[in-house]
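Subject: Handover of a structure, with notes

Dear colleague,

I am passing on to you the structure shown below, and I would be glad if you could look through it with the notes that follow.

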Amino acid sequence: MSEAPEIVRAWPATVWVTGPLSAVKVLQCAQAATPILARSRKTEVVRTGDWVAKRSRAPFGVGAIRLTAAPVRRRRGFEAARYLNARGVSVPAVAGYVEWSYFGVVVRNALVMEFLEGYEPIRDYEQSIAGDVSAAERLLDRLRDAVVSIDRARAYHSDLAVKNVMVRDDRIVFIDMDAVRIEYDQTDFDRQRNCVQLLDGFYDLWPERVRLTVGERIAREVEYPQKWIEDVMVGLGERIEKRRQFEELALSRINAYFQRIGRD
């Protein structure tokens, strides 16, 4: 792990400082009002200059209970970012982390990290170089090396979907640190799952011989490479089929809804 962070208390917030920003700046980034770059049921991401904050959205009730009861889990992204940065894995720089608490109950938290200016999800980047097989091969070379670097750092990213793999000028950066486990030795199944997640993002963009460069490189880390690659292809087919079934079900429900309101 990198050098221990400075801890600054500014009630009701506690700020862990690890980068070039002061505690005041980290706190300002963490509680910025706009702009909101992304939002889910549990979290939202806001930008302040060169930094973004991913913070929880459920400040009270069950969300607060979960945050308070699981300090390791709520700080997972922060510790993972520090761990991977210290080991040279390509992830955003981390500036700090904030928790807001009242009388021992943690109601919100936020992780402040580098904003990836000019980066885009790997599928979007690959679509921009469509038709240039040599460029695709160079990119996939970098991708497989980046994936292996996580493994060799004794870590595991459980969600290597293309939305969490960002690219600029062929440089690969992984995001979503909450999905990372550290000081963890990957199994062959973990590697298989990651490879399926990645290939699912661009299996339709390139010939199979190009796509398989990712799997073949990762397969060097496993005990039985040929069987492992065969299992990856089976897993990819199953993932594609499940998504197709889900899309068909969603479409049928949408059509049924419009038919019903049309009759009304």
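Just after α4, Gly 88 takes a positive phi of about 75 degrees; here and below, helices (H or I, at least four residues) and strands (E, at least two) are DSSP runs, numbered from the N terminus. Before going further, please keep in mind that this is a predicted model, in which local features need pLDDT of at least 70 and side-chain atom pairs count only at pLDDT 80 or more, while totals for chains, interfaces and linings use all residues. Residues are numbered from 1 along each chain as its sequence is written, and side-chain values use heavy atoms, with hydrogens and water left out.

Helix α4 itself covers residues 76–86 and lies across β2, β6 and β7, running at about 160 degrees to β6; axes are lines fitted to C-alpha atoms, for helices over the stretch in contact, and angles run from 0 to 180 degrees between N-to-C directions. The buried residues of α4 are Gly 77, Phe 78, Ala 80, Ala 81, Arg 82, Tyr 83 and Leu 84, where buried means under 20% relative accessible area, exposed over 50%, and partly exposed in between (1.4 Å probe, protein chains only). The cover over these buried residues includes β2, β6, β7, β9 and β12 (180–182), and contact means heavy atoms within 4.5 Å.

**The chain as a whole**

The secondary structure of the chain comes to nine helices and 12 strands, and the C-alpha trace spans about 60 × 55 × 35 Å along its principal axes. Of the 264 residues in the chain, 44% are buried. Among contacts between residues at least 6 apart in sequence, 64% join residues at least 24 apart. The accessible surface, computed by the Shrake-Rupley method with a 1.4 Å probe (for residues, only the protein chains shown count as cover), comes to about 14400 Å², of which 52% belongs to carbon and sulfur atoms.

**The sheet of seven strands**

The strands β1-β2-β6-β7-β5-β4-β3, in that order, form an open sheet with antiparallel pairing; two strands pair if DSSP finds at least two bridges between them. At the edges stand β1 and β3 (36–39), each with a single partner strand, so one side of each is left without a neighbour in the sheet. From one strand to the next, the twist averages 20 degrees.

Within this sheet, β6 and β7 run antiparallel and are joined by eight bridges, and Val 98 stands opposite Ala 110 in β7. Helix α1 (residues 23–30) packs on the sheet, where it touches β1, β2, β4 (43–48), β5 (51–56), β6 and β7, and its direction makes about 70 degrees with that of β6.

Two loops deserve a look while you have these strands in view. In the loop between β1 (6–10) and β2 (13–17) lies Pro 12, which is joined to Trp 11 by a cis peptide bond with omega of about 10 degrees. In the loop between β6 (94–102) and β7 (105–114) you will find Phe 103, which has a positive phi of about 55 degrees although it is not a glycine, and which counts as exposed at 81% relative accessibility.

**The sheet of three strands**

Another open sheet has three strands in the order β8-β10-β11, with antiparallel pairing. Here β8 (120–121) and β11 (171–174) stand at the edges, each with a single partner strand, so one side of each is left without a neighbour in the sheet. Two bridges pair β8 with β10 (residues 165–168) in the antiparallel sense, and Pro 121 stands opposite Met 166 in β10. Between β10 and β11 the antiparallel pairing extends over four bridges, and the bridge partner of Val 167 in β11 is Ile 172. The hairpin of β10 and β11 has two residues between the strands, and in it Asp 169 takes a positive phi near 50 degrees.

Helix α6 (residues 133–152) lies across β10 and β11, running at about 35 degrees to β11. In the loop between α6 and β9 (155–157) is Arg 154, a residue other than glycine whose phi is positive, near 60 degrees, and which counts as partly exposed at 36% relative accessibility.

With kind regards
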